[in-house]
Amino acid sequence: MDKIKKIITILLHLFIFFTLLQIFSRCTNDYTKNLGGGYFYRHDGYPSNSIHSKHSNGGEIPPAVLDYNYNKIFIIAKQRPILTQDILYKTYEYQLGKDTTYYWIIIKNKTLVIGPLDSILYEKKRIEYNIPNTLKFKN
């Protein structure tokens with residue numbers, strides 16, 4: 001009987017340990033990444049990923065940021081807006097609806113945020129602002 005109690009106690013402790021491990025591992029997925037020029041990427045898990053500025057006039061790219069890349073001058077981002085606009089963000093007009101992927105450009109030294117753009121206008125703005133071809137999306 002003592003042997004059975006010991007086995008049950010060990011199994012119970014293992015169950016509690018692995019349950020706590022699962023709970024705490026889910027809490028550590030959030031992070032921020034410094035993009036330079038006072039901008040940072042905030043990863044809170046899809047669909048809450050966004051890009052923000054430390055400057056009050058720096059602008060932002062609201063959720064859900066799908067992909068981004070940056071260099072010393074520019075930040076480029078792909079975004080699919082979430083269905084309900086969060087009151088924390090400026091209201092943007094999504095001309096093609098909220099089920100479309102949009103593109104954004106940030107010119108860091110001007111704190112200029114250009115977007116939301118469709119893919120054709122995005123390519124035109126890349127040319128207009130001389131964004132190098134080496135600055136591409138990761139995915």
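A residue counts as buried when its relative accessible area is under 20%, as exposed when that area is over 50%, and as partly exposed in between (1.4 Å probe, protein chains only). The model is predicted, so to speak of local features a pLDDT of at least 70 is needed, side-chain atom pairs count only at pLDDT 80 or more, and totals for chains, interfaces and linings use all residues. Residues are numbered from 1 along each chain as its sequence is written, and side-chain values use heavy atoms, with hydrogens and water left out.

Helix H2 spans residues 119-128, and Tyr122, Lys125 and Arg126 are buried in it. Helices (H or I, at least four residues) and strands (E, at least two) are DSSP runs, numbered from the N terminus.

After H2 comes Asn130, whose phi is positive, near 55°.

Let us turn to the salt bridges. The structure holds 2 of them, each a side-chain nitrogen of Lys or Arg within 4 Å of a carboxyl oxygen of Asp or Glu. One joins Glu128 to Lys125, with the closest N and O atoms 3.4 Å apart. Glu128 is partly exposed, at a relative accessible area of 49%.
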